[in-house]
Amino acid sequence: MNHMRKEDRDMKKIDLHKLFTFIDESPTCFHAVANLEKMLDKQGFVRLHEKDTWKLEKGRKYYVNRNGSSLMAFTLPSTKSLGFRMVAAHSDSPCFKLKESPEIAADPYYLKLNVEKYGGMILSTWLDRPLSVAGRIVVKDGDGLRSCLVNLERDTAIIPNLAIHMNRDMNKGVEYNPQTDMQPIVGAVSGKGSLMKQIAKATGVKEKDILGSDLFLYNRDKCRLVGVDDAFIAGPRLDDLECAYAGMAALADCAPENYVNLCVVFDNEEVGSGTKQGAASTFLKDVLERICCGLTISREEYLCMIADSFLISADNAHALHPNHPGKADETNRPMLNGGIVIKYHGSQKYATDAYSAAVMKDLCNRADVPYQTYANRSDIPGGSTLGNIAMSQVSVSTVDIGLPQLAMHSALETAGAKDPEYLIKALRTFFQ
Ligand code: ZN
């Protein structure tokens with residue numbers, strides 16, 4: 001057995017503890033953004049608002065969010081900027097979203113929640129585990145409206161499986177209907193109305209003042225190490241909070257020279273990115289233009305900077321599954337703890353090309369971290385990600401990468417314990 005070196009163990013513990021805390025405390029995209037903002041505040045970043053005029057100073061660090069669910073942070077060099085060094089990840093993960101008027105009185109006893117799918121989730125993984133409710137609410141506040149985060153932080157709901165005695169074929173595969181098979185129970189009918197009361201109580205507002213909500217179910221499991229030698233991480237939302245954390249942590253660690261460093265965490269990647277805060281929106285383009293306005297850089301100079309820019313689109317990748325090796329490509333078979341995965345796709349769902357791959361490999365070599373490659377089997381379509389979607393708004397050389405993981409879009413995913421540190425190291429090298 002390969003025993004981990006003591007230095008590796010110590011290094012792993014330090015960074016993984018922070019990563020685990022971040023994921024545990026970020027049950028929704030809104031919490032992920034708020035927690036990243038707290039991290040940036042501690043590092044001296046200045047908060048900007050899109051509705052204000054920006055007066056930027058060279059050598060300083062800033063961040064701005066859109067919708068409370070997408071976040072962009074950037075650091076300005078004290079010299080003239082030649083271009084942008086950018087990292088993108090996403091803040092959202094597949095889960096269940098509560099519909100309006102979510103409580104269903106199911107006869108004769110149960111109170112259930114009316115939920116719908118958010119993203120391409122593995123439905124069966126949400127069965128038989130305690131779930132809670134989190135998200136944001138919008139409340140009446142004097143003459144205006146105010147947005148508040150909410151997290152019930154208790155075992156609130158559960159979606160029970162059917163007993164095997166009632167479906168003897170269950171282990172041959174089950175088709176789940178999200179409307180009829182996946183509604184969680186939260187209590188007895190007599191408790192109708194208690195969910196919104198608890199939401200109001202948890203946020204310290206009057207229930208009648210709650211005018212809007214984006215509420216989700218989340219898995220109550222915490223991130224932890226698994227394996228005889230702690231080789232694996234098991235946790236919810238590893239896709240893509242691992243990369244979101246690594247991107248922001250690396251950005252905050254580095255002082256930029258000659259380039260504007262930027263990290264963006266987009267919402268809504270799991271549902272196609274087509275919202276005002278998604279990767280297909282103008283958010284990135286708007287912020288890049290406003291950085292130039294704030295530094296009185298001309299349009300011509302801006303376009304020169306764009307031509308000398310690079311984007312690392314960081315979204316988790318599929319590792320080879322030991323029980324299903326035939327699902328992996330024949331020659332591109334990433335392993336957990338094998339390092340950063342560079343993703344390729346002939347039809348360019350991944351934006352990687354020869355040039356951007358070479359930049360990334362060179363970067364990994366300089367950072368002294370391992371890399372590996374991923375391609376779909378030619379007979380399996382695979383998913384899409386942020387890189388090529390964002391490129392419809394801002395066109396720069398882009399590489400798609402990610403950390404290797406198993407069970408992508410399960411309520412509890414598995415990844416390698418060494419890989420997050422590799423990504424942070426490589427991104428630090430990129431930003432320096
Ligand atoms: Zn993802």
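By class, the side of domain 1 that touches domain 2 has 9 nonpolar, 7 polar and 4 charged residues. Nonpolar covers Ala, Val, Leu, Ile, Met, Phe, Trp, Tyr, Cys and Pro; charged covers Asp, Glu, Lys and Arg; the others, Gly among them, are polar.

The model is predicted: local features need pLDDT of at least 70, side-chain atom pairs need 80 or more, and totals for chains, interfaces and linings use all residues. Numbering runs from 1 along each chain as its sequence is written, and side-chain values use heavy atoms, without hydrogens and water.

Next, select 6-93 + 236-431 for domain 1 and 95-219 for domain 2. These bounds come from an automatic or database domain assignment. The contact (heavy atoms within 4.5 Å) takes 20 residues from domain 1 and 19 residues from domain 2. Their C-alpha centres lie 30 Å apart.

Stay on the interface and look for salt bridges (a side-chain nitrogen of Lys or Arg within 4 Å of a carboxyl oxygen of Asp or Glu). The rule finds 0 across it.

Now select the cysteines. The whole structure holds 0 disulfides, meaning pairs of cysteine sulfur atoms within 2.5 Å. For Cys223, the nearest cysteine sulfur, that of Cys243, is 13 Å away.

Finish at Cys292. Its sulfur is 7.2 Å from the closest cysteine sulfur, in Cys293, too far for a bond. Cys292 is also buried, at 3% relative accessible area.

How values were computed:
Buried < 20%, exposed > 50% of the residue type's maximum accessible area, 1.4 Å probe, protein only.
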